[in-house]
Amino acid sequence: MTAPRRLRALLESPRTEYILEAHNALSATIAEASGAPGLWASSLTLSAAYGMRDNSEMTMTQVLDILESMTARVEAPILFDGDTGYGQFSHFQQLVKKLCAREVGGVCIEDKVFPKTNSFLQSEQQQLAPVDEFCGKIRAGKDAQLDSDFVIAARTEALITGLGMSEALDRAEQYAEAGADAILVHSKAHTFAQVQEFLSKWKRNEPIICVPTTYYSTPTEAFQQAGVSLVIWANHLLRAAVTAMQDVAQQIAGSGTARGVEDQIASVKELFRLQDTEGLTESERVYGQRSPFRAILLAATRGSGLDDLTRDRPKCMIPIGGKPAIEKQLQHLRAEGVRDISVVRGYKPKGLAIDGVTFFDNHRWQQTGELSSLSEARSALKGDVVLAYGDILYKRYILHELMASDAPITLVVDGSREFLESGKQGDRVQASAPPPSGYDESEYTLVAMGHDIPDGVATGEWIGLARLRGEGSTRFADLAAELLTRPGGEKLDIAAVFDSLAREHGYPIRVIYVQRDWVDINSMADVARGHAV
Ligand code: SPV
Ligand code: MG
């Protein structure tokens with residue numbers, strides 16, 4: 001729903017609704033979070049917060065800038081206190097267009113003359129605009145609005161300046177006749193009686209708005225009974241802030257330290273929350289500089305069954321479609337913003353001729369396992385890191401889905417039953433549930449992992465692609481280092497770390513299922529299938 005529509009809904013509600021003052025994006029965010037269904041952008045508090053007087057001193061551009069920053073942060077509709085409309089009818093038309101463009105819900109203009117003075121200052125001496133002129137302004141505004149729901153409220157200051165009830169009613173009636181969507185009747189009386197009398201004599205349907213700054217103790221039921229549509233709490237957040245700021249400033253000045261005020265003030269973390277710092281972290285993942293993304297590719301072993309093709313080069317350099325197999329994975333990684341790529345070599349290190357990566361070497365590749373190879377690249381095993389075998393080929397979307405995961409550790413698992421049929425000794429996975437048969441957004445977690453998971457229990461096979469993030473990579477790196485020191489640790493596979501994290505430590509590891517669309521190169525048949533991937 002648009003902001004003008006939402007504001008209109010508040011005015012049309014059978015209950016008395018309220019809107020709360022906000023003078024910048026921060027106070028708007030706070031007001032909205034409190035549950036306020038709408039906001040009042042008050043000329044008094046906007047100007048006070050800006051270090052100016054409420055005497056039409058702020059320019060249209062200045063207030064529009066502030067309003068823009070507010071609508072950018074909140075959904076709650078804003079009723080803007082437009083004073084006298086920033087000039088004559090034509091200036092008001094400009095204002096209305098600009099407010100519509102900034103998704104402000106509506107504007108309220110008052111029947112004073114420029115430069116206006118706040119209603120509570122020398123109110124008796126204030127001059128009201130001629131009725132005809134003000135009605136012309138209302139009509140001009142209605143003709144200019146770009147959104148048919150945009151609200152133009154007309155405010156009469158007849159009661160404020162002491163012109164009396166019949167003048168107030170007469171003016172209100174003519175403003176409504178000119179097209180005003182609502183009437184704001186302002187009063188500086190200390191009880192609700194004056195506005196109540198106005199309401200008892202108001203026979204039209206246009207909703208009535210009041211600003212009980214001076215008659216603040218009026219119970220809500222009284223507003224409801226009298227038929228007030230909208231109550232404006234017009235300055236309360238800025239007044240609250242002023243008291244809190246003065247208090248803390250005085251305490252610091254008096255004691256020379258901030259020690260005593262710490263418990264009274266919002267934490268720095270709270271400021272970050274109000275600024276939506278978390279939203280930035282999320283956007284950075286999608287749009288931001290991705291240099292912190294790393295990848296470690298394990299390419300140390302020769303493998304078996306491909307003797308001819310690997311005579312002079314490691315498996316990942318076998319040409320697929322005219323290019324070394326590993327190039328395809330490098331392309332995918334770079335397309336996902338992974339710039340810092342490490343490759344652990346072992347067999348035929350010189351045969352691994354690729355550019356733009358950092359090499360690490362496991363000279364004992366024949367006697368040791370994957371964990372030993374990985375430990376050579378431990379300096380790269382931190383932050384946000386993709387862990388993969390160098391000899392796998394997969395379709396690009398698989399990596400894209402992995403990069404979209406926000407879990408600390410995520411594994412890509414093939415949920416097809418192919419690994420059972422082929423009888424190959426892959427890294428079998430038991431996840432919290434088998435893969436879905438159709439489209440499903442359920443999340444799956446790792447239960448156990450290893451070559452020995454029985455056919456009936458395994459739900460898939462790890463394709464040799466994982467992502468570790470933040471705390472996930474720290475936990476993984478720490479456990480990998482520890483497992484390596486155990487007897488036989490040198491020969492362990494990566495899968496042993498995931499298995500131990502899930503089974504022994506109960507650490508949540510997310511499983512993303514795919515169906516085929518990948519290959520690890522172990523045979524001539526795999527090389528042939530690699531062309532298709
Ligand atoms: C404002 O909040 O700026 C108003 C209401 O216009 S009052 O201050 O009471 O005039
Ligand atoms: Mg005002």
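Arg-516 is found in the loop between β20 and β21 (518-520). The model is predicted, and in it the phi of Arg-516 is near 55°, a positive value in a residue other than glycine. At 37% relative accessibility, Arg-516 counts as partly exposed, because the partly exposed class lies between the 20% limit for buried residues and the 50% limit for exposed ones.

Strand β20 (residues 510-514) contains Tyr-513. With 13% relative accessibility, Tyr-513 counts as buried. Along the sequence Tyr-513 and Ser-416 are 97 residues apart, while their C-alpha atoms are 8.9 Å apart in space.

**Domains and barrel**

The protein chain is divided into domain 1 (3-235) and domain 2 (268-530). Between the C-alpha centres of domain 1 and domain 2 the distance is 60 Å.

A closed barrel of eight strands has the order β1-β2-β3-β4-β5-β6-β7-β8, with parallel pairing. From one strand to the next, the twist averages 25°. Strand β1 (residues 17-21) pairs with strand β8 (residues 230-233) in the parallel sense, over four bridges. Within this pairing, Tyr-18 has Val-231 in β8 as its bridge partner.

**Metal site**

Which residues coordinate the magnesium ion (ligand 2)? The donors are Ser-43 (OG) and Asp-81 (OD), at 2.0 to 2.1 Å. Ser-43 lies in helix α3 (residues 43-49) and Asp-81 in strand β3 (residues 78-81), so the two residues tie together parts that are 38 residues apart in sequence. Ser-43 and Asp-81 are both buried.

Although Gln-122 is not a glycine, its phi is positive, at about 40°. Gln-122 is exposed, with a relative accessible area of 54%.

How many residues of strand β9 (residues 293-299) are buried? Seven of the seven are, so β9 is largely enclosed by the rest of the structure. In a regular strand the side chains alternate between the two faces of the sheet. Both faces of β9 are covered: one side carries Phe-293, Ala-295, Leu-297 and Ala-299, the other Arg-294, Ile-296 and Leu-298, and all of these are buried.

Strand β9 is joined to strand β14 (residues 384-389) by six bridges, and the two run parallel. Six bridges also link β9 with β12, again in the parallel sense. Ile-296 stands opposite Leu-387 in β14 and opposite Ser-342 in β12.

The loop between β12 (340-345) and β13 (358-361) holds Leu-352. Leu-352 is buried, with a relative accessible area of 3%. Leu-352 and Val-429 are 77 residues apart along the chain, and their C-alpha atoms are separated by 31 Å.

**Antiparallel pairing of β17**

Strand β17 (residues 428-431) pairs with strand β18 (residues 444-450) in the antiparallel sense over four bridges. Strand β17 also pairs with strand β19 (residues 460-468), in the antiparallel sense over two bridges.

**Aromatic residues**

The count of aromatic pairs comes to 11. Tyr-389, Trp-462, Phe-476 and Phe-498 form one aromatic cluster.

| Arginine | Ring | Distance to ring centre |
|---|---|---|
| Arg-345 | Phe-359 | 4.1 Å |
| Arg-467 | Phe-293 | 5.4 Å |

For the first entry, the charged end of Arg-345 sits over the ring of Phe-359. In the other, Arg-467 lies over the face of Phe-293, a residue on one of the covered sides of β9.

Methods. Residues are numbered from 1 along each chain as its sequence is written. Chains are lettered from A and ligands numbered from 1 in the order in which they are written. This is a predicted model: local features need pLDDT of at least 70, side-chain atom pairs count only at pLDDT 80 or more; totals for chains, interfaces and linings use all residues. Side-chain values use heavy atoms; hydrogens and water are left out. Domain bounds come from an automatic or database domain assignment. Rings of Phe, Tyr and Trp (its six-membered ring) pair if their centres lie within 6.5 Å; planes under 30 degrees apart count as stacked, over 60 as edge-to-face and the rest as tilted. A charge sits over a ring if NZ of Lys or CZ of Arg is within 6 Å of the ring centre and within 35 degrees of the ring normal. Donors are N, O and S atoms within 2.8 Å of the metal (3.2 Å for Na, K and Ca); water is not among the atoms, so sites may look incomplete. Buried means under 20% relative accessible area, exposed over 50%, partly exposed in between (1.4 Å probe, protein chains only). Two strands pair if DSSP finds at least two bridges between them. Axes are lines fitted to C-alpha atoms, for helices over the stretch in contact, and angles run from 0 to 180 degrees between N-to-C directions.
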